[in-house]
Amino acid sequence: MTAAAGRADERLAQVGLVRRLLIRPELGAVVGAVVVFAFFASQSAVFRSPEGIANWLDPAATLGIMAVAIALLMIGGEFDLSAGVLTGTTGLILVTLATRYGLNVWLAMLVGLVVALGVGLLNGLIVTRTRLPSFIVTLGTFLMLQGVNLGVTKALTGTVQVSGLRRAEGYEGARAIFAGTVQIGGTPFRVAILWWLLVTAVATWVLMRSRAGNWIFAVGGNEQAARAVGVPAARTKIALFMTTAFAAWFVGSILALRYTSVQANIGIGQEFIYIIAAVIGGCLLTGGYGSAIGAAIGAVIFGMADKGIVFLGWDADWFKFFLGAMLLLATLANRLVRRYAEEVKH
Amino acid sequence: MILETRGIGKSFGSVLALREVSMGVEPGRVTCVLGDNGAGKSTLIKILSGVHQHDAGTLLVDGAEVRLASPRDALERGIATVYQDLAMIPLMSVWRNFFLGSEPRKGLAFDVRKARRVAGEELRAMGIDIRDVDQPVGTLSGGERQSVAIARAVYFGARVLILDEPTSALGVKQAGVVLRYIARARDRGLGVVFITHNPHHAYPVGDRFLLLNRGTSLGEYAKADISREKLTSLMAGDAELEELAHELERE
């Protein structure tokens, strides 16, 4: 970005291109992604082949859609721990309604969407009305949804999974749009990858080029000050919680349509992965700073590590170690970068 | 007079926070409100900015009696207040802060180019030399931040600018910078209410001086009627200072 406004100021020379790049929140994630790619690509020929890329972009996409939504929420100064299980809840609703109650798949998806938005609205209302930390509020909804997912599934089926979506009416159409594949250069890529790119682009536009984006940064940076100049802080936060819930519905539906069955315990533990991807992408835990592109790149790092470890024939347990190491490195790098960038002040 | 109070007062329960205070604000003039902590300065500005409603005396805007219902009401009448804490977001850029809550639109989008350009122009028109409107507000000095807040109020159509202790947390040089912008706002025809407890900041820039003590007025003076020495001694309470000096002397 160049300063469109202003005559040339001799002191601007000191804020050179390097510093301008460094002040971008996604820098740490980009460097990390390059290093991780270089490592796995040099070790494994499959990893760098088009099929390999399609393979590791797939987990990056479903994780990335969630990470981008969580990044917006975190920039707005809040957390959502219920987002992971909500992907399970929406998937279970879809499969249960379509298989046991004979609903059309599209209609079942619509019900799932309404429920998800309701959960998001509830999270948002409780947080904004009570001023309780969202960490606690959504921990509550996380546990409640986890209980509902298991309890209802067991009561209905006597097991902990619902399946058989393939036979439901409207399945093929929905699958093609949400869980199909597209041929790019002769290699089949999951269509979720395209959705993920679209979600990232839209989120970036909202953040950087819309009034709502300005408000998101403001309510996360200093809610009191934002309210003092007329920013509708509560409405902004509620919309963010609902956006996260929408993303959970989207990803839950993608996964349900892809596998045609849903485990009742799915999504538990994912909420932290979303937050970690957002933090690797440059989001501050304290809010007011971060980027959607960064979160999307954070998700790519995950996808590469997740599949790369398998390609190298390592034990998958090492993935967790890698996760933790990446998180620590990313937060340290972000802190250093921000300090260096802010030294501009004379 | 754009803004005038006549014998205005305010009580909170049994506490008389403000009694019988009369003052005026003219376009292109600076009215300084001086007083020690607890003198009633903040109660007075909260009445002028619509946060509190007066319960005695009259408040006039453009010569007509009014009762300001809320800060928004005051703002709509052109009375803008810049508080000490400034309502700025440190991690956001200067131009994003400048337009926060009143973003210019272009279709559905926030007109980012216009915002960046106008913020730069407005700051320069006020003589505020910000190196780069893209830098985060948190990297600005205290004086620069005050100046950006003043420029924002001016741009959004303020006719009266109320500044709550804008120089109190600043060093000598930074305070000088802010005083210069107060003069600049005055020269653009705004009426300025400058709240301070420092007569040395008030005297060079002020046209009228309202002195408050323990919730009531010690008088409103035009600059011609009061010398810097008189102002300082009224402010400090010479007798009290002498007593203090005596008390602190070594045995």
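## A walk through the two chains, starting at a covered strand

Let's begin in chain B with strand β10 (residues 191-196), where six of the six residues are buried. Buried here means 20 or more other C-beta atoms within 10 Å of the residue's own, exposed means 12 or fewer, and partly exposed lies in between, with C-beta atoms placed from the backbone. Strands (E, at least two residues) and helices (H or I, at least four) are DSSP runs, numbered from the N terminus. Before going on, note that this is a predicted model: local features need pLDDT of at least 70 and side-chain atom pairs count only at pLDDT 80 or more, while totals for chains, interfaces and linings use all residues. Residues are numbered from 1 along each chain as its sequence is written, and chains are lettered from A and ligands numbered from 1 in the order in which they are written.

In a regular strand, side chains alternate between the two faces of the sheet. For β10(B), both faces are covered: G191(B), V193(B) and I195(B) are buried on one side, and V192(B), F194(B) and T196(B) are buried on the other.

Who sits alongside? Strand β3 (residues 30-34) of chain B pairs with β10(B) in the parallel sense over five bridges, where pairing takes at least two DSSP bridges between the strands. Within that pairing, V33(B) has I195(B) as its bridge partner. Strand β9 (residues 160-164) of chain B also runs parallel to β10(B), over five bridges, and I162(B) is partnered with V193(B).

Now follow the chain from β9(B) through helix α6 (residues 172-187) to β10(B), and you have traced a right-handed β-α-β unit. Right-handed means that, with the strands pointing away from the viewer, the path from the first strand over the helix to the second runs clockwise. I182(B) is in that helix α6, and it counts as buried because it has 25 C-beta neighbours inside 10 Å. Setting aside residues up to four places away in sequence, I182(B) touches V30(B), L163(B), V192(B), F194(B) and V205(B); a contact is a pair of C-beta atoms, placed from the backbone, within 7 Å. I182(B) and L163(B) are 19 residues apart in sequence, with their C-alpha atoms 9.0 Å apart.

G78(B) is only partly exposed because 19 other C-beta atoms lie within 10 Å. Beyond four places in sequence, its contacts are G157(B), A158(B), R159(B) and V160(B).

Next, the nonpolar core, a set of buried Ala, Val, Leu, Ile, Met, Phe, Trp, Tyr and Cys residues joined through C-beta atoms within 7 Å. The largest one has 175 residues, and A67(A) and L161(B) touch the most other members. Helix α4 (residues 50-75) of chain A gives the most to this core, with 17 residues. L161(B) has contacts that include V82(B), I150(B) and V192(B).

Over in chain A, helix α5 (residues 83-100) has 17 of its 18 residues buried. It reaches 25 Å between its end C-alpha atoms, close to the expected 26 Å, which is 1.5 Å times one less than the number of residues. Just after α5(A), G102(A) takes a positive phi of about 65°. In helix α14 (residues 292-311) of chain A, 16 of the 20 residues are buried, so the rest of the structure largely encloses it. Just after α14(A), G313(A) has a positive phi of about 75°.

Technical notes
Contact = placed C-beta atoms within 7 Å.
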